[in-house]
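Please keep the sequence and the model in view while reading.

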Amino acid sequence: MMSNSFFNEVLEGLTTAVMWLDKDERIQFMNVAAGEIFQVSPNRMLGESWQVLLPGLVENLADSIDKKITIHEYSVTIQGFDKLRISTTITPYELDGKMGWLFEIYNTERHHRIVEEDERWHQYEAGNLLIKTLAHEVKNPLAGIFGATQLLQKRFEPDAKESDFLEIISREVLRLKNLVNRMLGPEKTAQKEPYNVHELIRYVLQIIEGEKPENVYIKIDYDPSIPDILMDFEAMVQAILNLIQNGLQAMSETGGFLTIKTRVEHKFTLGAKTYPLVAMISIKDEGEGIPESVFDSIFYPMVTSKKEGTGLGLPVAQNVLRKHDGLIVAESEPGNTVFTVYLPLKQKEDEE
């Protein structure tokens with residue numbers, strides 16, 4: 001005959017989150033997996049109402065006293081910052097002669113992230129194809145126009161009216177050339193070297209110090225244990241700069257906190273590969289959010305909701321992360337827009 005301690009050890013070893021409530025709807029058991037999902041201590045939750053963790057999951061738990069119910073796509077906020085999507089099965093369950101409910105909780109966030117990530121990869125490939133096409137169709141003719149303009153300028157005196165018009169043409173051609181170069185990103189692959197991710201962020205914050213609105217405040221939440229990461233520092237500066245500038249612009253009128261958070265994820269899948277360790281950099285702003293009409297296309301070139309935006313900042317940033325085997329994922333609602341950068345923790349170029 002197996003003891004109760006044996007079954008307790010089995011429950012504690014499950015990767016499925018399990019909770020048992022008594023007839024008063026108080027938590028009387030919570031295994032380790034449940035504590036990990038909600039980022040709480042199971043022992044401290046004993047005797048607490050289940051609604052502390054899952055507010056509004058069901059209107060009346062007593063309605064399910066004689067039947068099993070399953071709720072899908074429930075979103076829960078963890079520690080007031082992170083959001084998690086879960087599915088929960090509630091089963092009437094008698095334990096030691098006492099009636100109550102058994103909660104089985106499944107974290108579906110990973111599934112959703114893989115689906116969204118796959119869509120981001122498709123956006124990157126489509127955007128990259130568009131960029132290459134534009135480069136071929138636009139850059140060469142621009143070079144020809146610029147060369148012809150310089151030859152014409154030599155035929156006129158510097159103060160001639162015609163020279164003024166030719167100077168305008170030259171400036172506009174150079175502007176368009178720079179625009180195309182920004183879409184293409186760096187012309188050559190730089191040698192990647194180990195850098196500290198927090199030094200990267202500190203450098204970017206120095207750059208934007210002069211343009212930061214007075215009503216916007218920077219909030220830092222770092223994980224100091226993150227080791228140096230192999231990266232093209234200049235390219236990564238551009239990527240993080242684009243994301244932070246987006247956040248500042250989104251709060252230029254309303255103000256608020258721009259929160260920069262770093263963490264380490266374990267056994268994290270990016271594309272078709274799972275990495276032992278991945279650095280996460282999240283940049284959260286409290287602006288008006290990204291309109292739903294453009295949200296699904298924000299990583300395509302030339303897509304923007306800003307009046308004076310070029311629609312190149314996010315595609316360029318995604319292009320940089322792709323060259324580092326990383327990815328940028330976005331989520332947005334009014335008052336809470338988060339861009340999360342995932343970057344594999346690699347110390348050498350050929351590391352598998």
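With which residue does aspartate 24 form a salt bridge? Its partner is lysine 23, and the closest N and O atoms of the pair are 3.6 Å apart. A salt bridge here is a side-chain nitrogen of Lys or Arg within 4 Å of a carboxyl oxygen of Asp or Glu. Aspartate 24 and lysine 23 are both exposed (exposed is over 50% relative accessible area, buried under 20%, partly exposed in between, with a 1.4 Å probe and protein chains only).

The model is predicted: local features need pLDDT of at least 70 and side-chain atom pairs count only at pLDDT 80 or more, while totals for chains, interfaces and linings use all residues. Residues are numbered from 1 along each chain as its sequence is written, and side-chain values use heavy atoms, without hydrogens and water.

The count of salt bridges comes to 3. Glutamate 199 pairs with arginine 202, with the closest N and O atoms 2.5 Å apart; both lie in helix H6 (residues 197–208), about one turn of the helix from each other. Helices (H or I, at least four residues) and strands (E, at least two) are DSSP runs, numbered from the N terminus. Aspartate 221 forms a salt bridge with arginine 263 at 3.0 Å between the closest N and O atoms. Because aspartate 221 lies in strand S7 and arginine 263 in strand S9, this pair ties together parts that are 42 residues apart in sequence.

The largest nonpolar core has 41 residues (buried Ala, Val, Leu, Ile, Met, Phe, Trp, Tyr and Cys residues joined through side-chain atoms within 4.5 Å). Helix H7 (residues 233–250) supplies its largest share, 10 residues.
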